[in-house]
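Dear colleague,

I am handing over the structure below, and I would be glad if you could look through it before reading on. My notes on what was found in it follow directly after.

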Amino acid sequence: MVPLQIAITLTASPTNPSVNSAVTFTAVVSLSTVIATSYFWEFGEAGKSTPTTSNSAIFPGYEVEGDKTARVTATLLDGSTVTTTTLV
């Protein structure tokens, strides 16, 4: 039996935010039959992260202009994790 390849996608809206503008992040696990029990969000600014049980998170705004790499790690029901990043 071949193990399932589970991936996660991460989107940001807006993708090019102004300084101090809120950004909404959404994570989607690739298989609808896979259940994520928690998410850990890292927003790309030092010390700015948060754990949630939701597949979306709102970041209140970046303090400095420029590209940031946001990351989310989802913990699945079986205890495994999947991680991805997106450039904001």
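Thr-75 stands opposite Thr-81, a residue of strand 7, in what is a predicted model. Strand 6, which covers residues 69–76, is joined to strand 7 by seven bridges, and the two run antiparallel. Both belong to an open sheet of four strands, arranged in the order 4-3-6-7 with antiparallel pairing. Strand 4 (49–52) and strand 7 (81–87) each have a single partner strand, so they stand at the edges and one side of each is left without a neighbour in the sheet. On average, and with direction ignored, neighbouring strands of this sheet are turned by 15° against each other.

The aromatic residues come next, and the structure holds four aromatic pairs. In one of them, Phe-25 and Phe-43 form a tilted pair, with 5.6 Å from centre to centre and 40° between the planes. This pair links distant parts of the chain, since Phe-25 lies in strand 2 (residues 23–29) and Phe-43 in the loop between strand 3 (36–42) and strand 4, 18 residues apart. Phe-25 and Phe-43 are both buried, and together with Phe-59 and Tyr-62 they form one aromatic cluster. The ring planes of Tyr-39 and Trp-41 stand at 25°, with the centres 6.1 Å apart, so this pair is stacked. Tyr-39 counts as buried at 8% relative accessibility, and Trp-41 is buried as well, with a relative accessible area of 1%.

As for charged residues, side chains of opposite charge can pair when their charged atoms come close. The structure holds three salt bridges. One of these joins the side chains of Arg-71 and Glu-42, at 3.7 Å from N to O; because Arg-71 lies in strand 6 and Glu-42 in strand 3, the pair ties together parts that are 29 residues apart in sequence. Arg-71 is partly exposed, with a relative accessible area of 36%, and Glu-42 is partly exposed with 32%.

Glu-45 and Lys-48 also meet through their side chains in a salt bridge, at 3.2 Å from N to O, where Glu-45 is buried with a relative accessible area of 13% and Lys-48 is partly exposed with 26%. Lys-48 forms a salt bridge with Glu-63 too, the closest N and O atoms being 2.9 Å apart. Here Lys-48 sits in the loop between strand 3 and strand 4, whereas Glu-63 sits in the loop between strand 5 (56–59) and strand 6, 15 residues apart. Glu-63 counts as exposed at 55% relative accessibility. Through shared partners, salt bridges join Glu-45, Lys-48 and Glu-63 into one network.

With kind regards

Key. Residues numbered from 1 in each chain as written. Predicted model: local features only at pLDDT ≥ 70, side-chain atom pairs only at ≥ 80, totals over all residues. Heavy atoms only, no water. Pairing = 2+ DSSP bridges. Axes fitted to C-alpha atoms, helices over the stretch in contact; angles between N-to-C directions. Phe/Tyr/Trp six-rings, centres within 6.5 Å; stacked < 30°, edge-to-face > 60°. Buried < 20%, exposed > 50% of the residue type's maximum accessible area, 1.4 Å probe, protein only. Salt bridge = Lys/Arg side-chain N within 4 Å of Asp/Glu carboxyl O.
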